[in-house]
Amino acid sequence: MINGERLLQHLEDLSQIGRNEATGGVNRFSFTSEEKQAIELVMTYMEEAGMVVTIDAIGNLIGTYGEGNETIMLGSHIDTVPEGGKYDGALGVLAAIEVVHTMHAQQLIPSKKIQVVAFKDEEGTRFDFGLVGSRAMAGLLTEGQLQFTDKNGISIEEAMKAFQLSPYPFEQPPRDDIKAYLEMHIEQGKVLENEGLPVGVVTGIAAPVWLEITVTGVSEHAGATPMPIRQDALTAASEMILAIEQLLNNTTGSVATVGKLTVSPNGTNVIPGKVTFTIDLRDIDESKINVLEATILQQLQQIATRRNVMLSSKVLQRVKPAKTDAVLQQQLATSIEKQGIQPYFLVSGAGHDAMNIAEIAPIAMLFVRSKDGISHNPLEYSSAEDIVIATAIFYDTVVELSK
Ligand code: GLV
Ligand code: MN
Ligand code: MN
Ligand code: MN
C-alpha cells in the first residue's frame, strides 16, 4: 500500500544535500547549513504526510499525526558521518514519514498519536559526541555536555544559539507518553545478506564507549636526535593502537576501532611530540566493555611507561547497550510473516537513537539488508525492493500498534 516511488525519490533528494560530487559521499553534520537544508526538506515531507511539525529544545524535528495522550514514536537521524552513505539514518526517518503519509491517504485515524522524529546529531561527527537528540529526549543530556566543542572551538550551546534554540536553562519536558519506539534502519552488516533475507528483527543494540587518548613525548629534530633517546609520541601511539587490535582479536563479540588521529606538530623533519587518538569500543554486554576499557588503559600505560611518554585519557561518550522489547519484536515478526517472509532475529553492532529511548520506553528495530554489509561509506546500498518491503512491514506494525 505504501508509495515506494515517493519514498525512493525522497531518499534520492535528501542524499543530494551535503553530497560530495567527487566521491558520492554525504556530509551532513549537526547545526550546519547542510543540516538546516535537510531539516527544511524533511519538514515539507512531514507536512505533505499530514503531520504537524515542531522542533524541540535540542533541535529534534518532530512530526505529529493524530491525537491522544499516548504516543507511538518512529525515528532515526538525518545527520551523517564524514563521507557517509545515503541510507544510514535517512531511511528510517523517510520510511516513517511514508508510513504516516500512507495512513493519511487511507484516512486512517490512529487511536494514539504518531510522532516521527529526526533526531539531532546521532553520529557525533561534529562534537565527538553523538546521539545528542535522543539523549535529550530521554532526559540524559546534561548542561555540561552542551559545552563540548567542535574542532573550531564552537560549543553545542553556541551552535544551538545560531539555530535560534535557547540552551539555558536546558528544559526538555519528560516523556512518559511514549508507549512504543520503533526505528527502521539499514543493517550495516552482512548477516541478512548471508541469510538471504530482506529484513530482520533486532534483539539488542551494542553500545559504544568513546575515549580520547593523548600521548605526550618530546618534539625534536628528526636529524639530530639519536634513536635511543627519542620520546616519539607517534611510535608510542602506534604500538598502543596495535596492542588494542591484538587484545580485541583475542576477545569474542567485542570490537574496538581507532578512527581518528592527530599528530603534532605534524612536520616531516620533526619527531612527533604529541598524538591524540580516539577509541570506539563496543559490545552488547556492558560488563565486558568495562573490563576491556580497564585492560586497554592498563596496557597503554605500560607502553607509555616503557617508552618514556606521558599518557592521559578522557571519556568522550558512554552509552548503555539496550535490549529491544519482546512484545514489539513479536509484532514486527508477525508483520514480516504476513509478507511471506521468515522472521529472523539479530543483534545490532552499530549504535542507534533507540538505545537512549530504551531508557524511557519499550523499543524495537527493523533492519533492512545492506549490500556487502557496507556502511559509513558512499557505497552503502540497500535495494529498492528491500526498502519497499521493509516499509510495508513497518506500516503494518505501526497500524497494528496504533489501533
Ligand atoms: C553510528 O552510526 C554509530 O553506531 O557509531
Ligand atoms: Mn551511522
Ligand atoms: Mn544510523
Ligand atoms: Mn549509528
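Visitor: Which residues does the UniProt annotation "domain: Peptidase M20 dimerisation" cover?

Guide: UniProt positions follow the numbering used here, feature names are shortened, and annotations may be inferred rather than shown by experiment. According to the unreviewed UniProt entry, this domain covers residues 209-304. The structure is a predicted model, in which local features need pLDDT of at least 70 and side-chain atom pairs count only at pLDDT 80 or more, while totals for chains, interfaces and linings use all residues. Residues are numbered from 1 along each chain as its sequence is written, and chains are lettered from A and ligands numbered from 1 in the order in which they are written.

Visitor: What percentages of helix and strand are found over residues 209-304?

Guide: Helices (H or I, at least four residues) and strands (E, at least two) are DSSP runs, numbered from the N terminus. Over residues 209-304 the chain is 38% helix and 26% strand, with 22 Å between the end C-alpha atoms. Helix α7 (residues 233-249) contains Met-240. Gln-231 is located in the loop between β7 (207-216) and α7.

Visitor: What is the mean pLDDT of the chain?

Guide: pLDDT is the predictor's confidence in each residue, from 0 to 100. Where pLDDT is low, the predicted coordinates should not be read in detail. For this chain the mean pLDDT is 97, and 100% of the residues reach 70 or more. The model also scores ipTM 0.91 and pTM 0.94.

Visitor: Are Met-240 and Gln-231 buried or exposed?

Guide: A residue is buried if 20 or more other C-beta atoms lie within 10 Å of its own, exposed if 12 or fewer, and partly exposed in between, with C-beta atoms placed from the backbone. Met-240 is buried because 26 other C-beta atoms lie within 10 Å. Gln-231 has 20 C-beta neighbours inside 10 Å and therefore counts as buried.

Visitor: Which residues of the largest nonpolar core touch the most other members?

Guide: A nonpolar core is a set of buried Ala, Val, Leu, Ile, Met, Phe, Trp, Tyr and Cys residues joined through C-beta atoms within 7 Å. The largest one here has 86 residues, of which Val-42, Leu-91, Val-99, Val-100 and Leu-366 touch the most other members. Helix α3 (residues 90-105) gives the most to this core, with 10 residues. Apart from it lies another core, of 23 residues, including Ile-244, Ala-256, Ile-279 and Leu-292.

Visitor: Where does UniProt place the feature "binding site"?

Guide: One such annotation, from an unreviewed entry, covers His-77, Asp-88 and His-185. These residues span 109 residues in sequence, yet no two of their C-alpha atoms are more than 9.8 Å apart, so they gather at one spot. The feature "binding site" is also placed, again in an unreviewed entry, at Asp-88, Glu-123 and His-376. That set is spread over 289 residues of sequence but clusters in space, the largest C-alpha distance being 10.0 Å.

Visitor: Which residues are around ligand 1?

Guide: A residue is near a molecule if its C-beta atom, placed from the backbone, lies within 6 Å of it. Around ligand 1 these are Glu-123, Pro-208, Ala-350 and Gly-351. Glu-123 is found in the loop between β4 (113-119) and α4 (132-137).
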